[in-house]
Amino acid sequence: MFTLAEVASLSDIQPTYRILKPWWDVFMDYLAVVMLMVAIFAGTMQLTKDQVVCLPVLQSTVSSKVQSDTSGKADFTTVETTTGPGEEASMRTVSFESATTATPDIFLSGATSSQYQSTESGQELKKEQKDSSGRKTNLDFQQYVFINQMCYHLALPWYSKYFPYLVLIHTIILIVSSNFWFKYPKTCSKIEHFVSILGKCFESPWTTKALSETACEDSEENKQRLTGAQSLPKYVSTSSDEGSPSASTPMITKSGFKFSADKPMIEIPSVTILDKKDGEQAKALFEKVRKFRAHVEDSDLIYKLYVGQTVIKTVKFIFILCYTANFVNTISFEHICNPKVEHLIGYTQFECTHNMAYMLKKLLISYISLICVYGFICLYTLFWLVRIPLKEYSFEKVREESSFSDIPDVKNDFAFLLHMVDQYDQLYSKRFGVFLSEVSENKLRGISLNHEWTYEKLRQHVSRNAQDKQELHLFMLSGVPDAVFDLTDLDVLKLELIPEAKITAKISQMTNLQELHLYHCPAKVEQTAFSFLRDHLRCLHVKFTDVAEIPAWVYLLKTLRELYLIGNLNSENNKMIGLESLRELRHLKILHVKSNLTKIPPNITDVAPHLTKLVIHNDGTKLVVLNSLKKMTNVAELELQNCELERIPHAIFSLSNLQELDLKSNSIRTIEEIISFQHLKRLTCLKLWHNKIVSIPSSITHIKNLESLYLSNNKLETLPAAVFSLQKLRCLDVSFNSIAVIPVEIGLLQNLQHFHITGNKVDVLPKQLFKCVKLRTLSLGQNCITSIPDKVSQLLQLTYLELKGNCLDRLPVTLGQCQLLRKSGLVVEDHLFDALPSEVKEVLNQDTSIPFANGI
């Protein structure tokens, strides 16, 4: 038999699953347990007490006398006389005429040979009939046992015998159907994860802290509402210290060219700070919830399985009720048995009684009652499944009760599991919703961030940049640590890949801050912080993927002088160049745009009168429309790099104040338009490097004030004499061309200080080169030069000499007379240097700090 523990285990569900068991499932589980007990009780009684008792049926009444004439119905064929010691002789019939003829079961006593004995036997029989109330059958005990066993199988209906086992089977099926969704591998894994995550979310200290902060925010909002706070000036927005996109924490956001003003900044009372372990666990929970949602929300298998098992239980209930109602009346106390063994017993029909009939009928009625209740609950469950859309779940109430207005609605199995949890306790889903909110996650990140990035740790990351300014670079953090704003002596702040960066009012402490870098970091600012940046920020670098990522407040920094924009300004999402109006940037002097422009953005012309330097670095996209350049009359430096220009744009010739022009990495082949540069009286630097220029026109002589000419990485084969008529030329770079001869006219450039001709085909150095006594840098590497004239000693100001990659056999001893030249400035093969006299090497190895500085 089953033990109580074994029976209990059949309906035992892990305690952690109880939150997914609505009241009807729990009730049905208990009903199933009761039905199971009914089956076990009935089965136990059947195994121990179930039996039938049968008696033969007498077909006629026997008279007090046995008549000799039996009317031909009884034909005694054999009569056996049995006598025993001290006993009277008795006569018994052992065979009958036919199996269908009933013979009275009365033993006839007397002797056939004596009339006296017959008379005496008749008198005794009369006496017995008068004394007894029943009639004897005189069957043996073994015969009774035999007939009882036969009639148990023949006369007793099958339902009476197997009723307990049927109840047991049905109940087990119902129990399995009720809990199948907890055991099926495709669903139980998701349910286990959900229950585990839900329990941790419910118990996490972060839920209490987040809800407490919400309560604080609500109380402060109510207080502010009652006091009637004054609104802030236009174009300014504020944000609370905790920060969230809710109504209580407005941020400066992009909306045309305006900013809305809401409430002033609210200081929220500090709540108990989480320790590091709780914070890490909460961050892990956010990640688990995100991944679990992505894994579960894309299917509805759990929902379908639950609906399927409910339908199965309903069909099972209808089936049980239908066939049980037909067999309930077959359980009876009395039964007629026809075993057809009269040759052994002597009777054809027996009346039998079933001693368990009464109890089984009562148990059956109880079972039917339980099944009816079970079925009505199944029908209610189906009604509940159909009544509301269980594959959709809304956190609308949670959003109304808390500041986490960004809690998303969920669907499919995720929604169904939350509906089931609500039947247990709605508080679970409310606390679970905290971990679906990005605002809540950002608050947690802020707390954890401030714990990790203390003032001391940030101070260790401060470095000196090339301009000898204190710089701090923060990369891929969850936010901007509060301690950053305590670094009051910081000059440069770089924020990279910080999507939730928020600049608070504490930035007003950083009085030295003048340069800010935002790399893929759409930072939000509070009102006070914006006022500080507007008045103090001088240089801003913004790197973005799409133009919409540029913070709106950038266009209102009135004192900004340098703006660097790096990103896609011509994407499909921005068919029109999306830069906002730069009209407010009244003090902007330098604009650097590294993008993929096809035309100069019209909005740049808003600040054109103020600009002194414009830099456009394209990614190879052809810059076609340049008419806007004509309006930039104050531009002194212009760079158009990698713009696929084939000629020098005519719009440039209108820039009367232009001093430096850089057209690097384009596709310029001819520069005949260079004659127009004669109108640019202030042009001193012309950079045409990394192009495809084949020749230099003689009209270059018209650029009288040219001081620097860069023509490296082109396709020049000769240097025309016109170049050497530029008397003010101080720097000439023709490296990496195909020049074979240095013209003797180079000696005319008495002001030449830097001459670069590396990577050409020069084999002879003209002596006139050494008349350029002001030369400080001379790059002759990677040519075919075989010797260096001794007149190199005339270059007394030479500090850098490159000779590596030529065909030199030796170096001139007169190098020692170049007073400012040292070994660090001499680029040559080691064996050539080692071949120099020792006294020359000693001169070149001298300390270079003082004389070099004086030379500079």
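**Helix packing, annotated spans and salt bridges**

Guide: The axes of H5 and helix H10 (residues 357-387) come within 11 Å and cross at roughly 20°. Axes are lines fitted to C-alpha atoms, for helices over the stretch in contact, and angles run from 0 to 180 degrees between N-to-C directions. Helices (H or I, at least four residues) and strands (E, at least two) are DSSP runs, numbered from the N terminus.

Visitor: Is H5 roughly parallel or antiparallel to H10?
Guide: The angle makes H5 roughly parallel to H10. Angles under 35 degrees count as roughly parallel, over 145 as roughly antiparallel, 65 to 115 as roughly perpendicular and the rest as oblique. The crossing of H5 and H10 is left-handed, a term used if the near helix is turned anticlockwise from the far one by less than a right angle, with right-handed used if clockwise.

Visitor: Before we go on, what kind of model is this?
Guide: This is a predicted model: local features need pLDDT of at least 70, side-chain atom pairs count only at pLDDT 80 or more, and totals for chains, interfaces and linings use all residues. Residues are numbered from 1 along each chain as its sequence is written, and side-chain values use heavy atoms, with hydrogens and water left out.

Visitor: At what angle do H2 and H5 pack?
Guide: Helix H2 (residues 23-49) packs with helix H5 (residues 158-179) at about 155°, their axes being 8 Å apart. That makes H2 roughly antiparallel to H5. The crossing of H2 and H5 is left-handed.

Visitor: Which residue classes make up the contact of H2 with H5?
Guide: The contact residues divide into 14 nonpolar, 6 polar and 2 charged. Here Ala, Val, Leu, Ile, Met, Phe, Trp, Tyr, Cys and Pro count as nonpolar, Asp, Glu, Lys and Arg as charged, and the others, Gly among them, as polar.

Visitor: Which residues does the UniProt annotation "transmembrane region" cover?
Guide: The unreviewed UniProt entry places that annotation on residues 27-47, 162-182 and 364-386. UniProt positions are given in the numbering used here, feature names are shortened, and annotations may be inferred rather than shown by experiment. In the model, residues 162-182 are 86% helix and 0% strand, with end C-alpha atoms 31 Å apart. Residues 364-386 are 100% helix and 0% strand, and their end C-alpha atoms lie 33 Å apart.

Visitor: Changing topic, how many salt bridges does the structure hold?
Guide: The structure holds 17 salt bridges, each being a side-chain nitrogen of Lys or Arg within 4 Å of a carboxyl oxygen of Asp or Glu. One of them joins Asp 486 and Lys 506, whose closest N and O atoms are 3.8 Å apart. This pair links distant parts of the chain, 20 residues apart: Asp 486 is in the loop between strands E10 (470-475) and E11 (492-496), and Lys 506 in the loop between strands E12 (502-503) and E13 (515-519).

Visitor: How accessible is Asp 486? And Lys 506?
Guide: Asp 486 is partly exposed at a relative accessible area of 30%, and Lys 506 is partly exposed at 33%. Buried means under 20% relative accessible area, exposed over 50%, and partly exposed in between (1.4 Å probe, protein chains only).

Visitor: Is Ala 415 buried or exposed?
Guide: Ala 415 counts as buried because its relative accessibility is 0%. The residue is found in helix H12 (residues 412-424). Its C-alpha atom is separated by 4.8 Å from that of Tyr 393, 22 residues apart along the chain.
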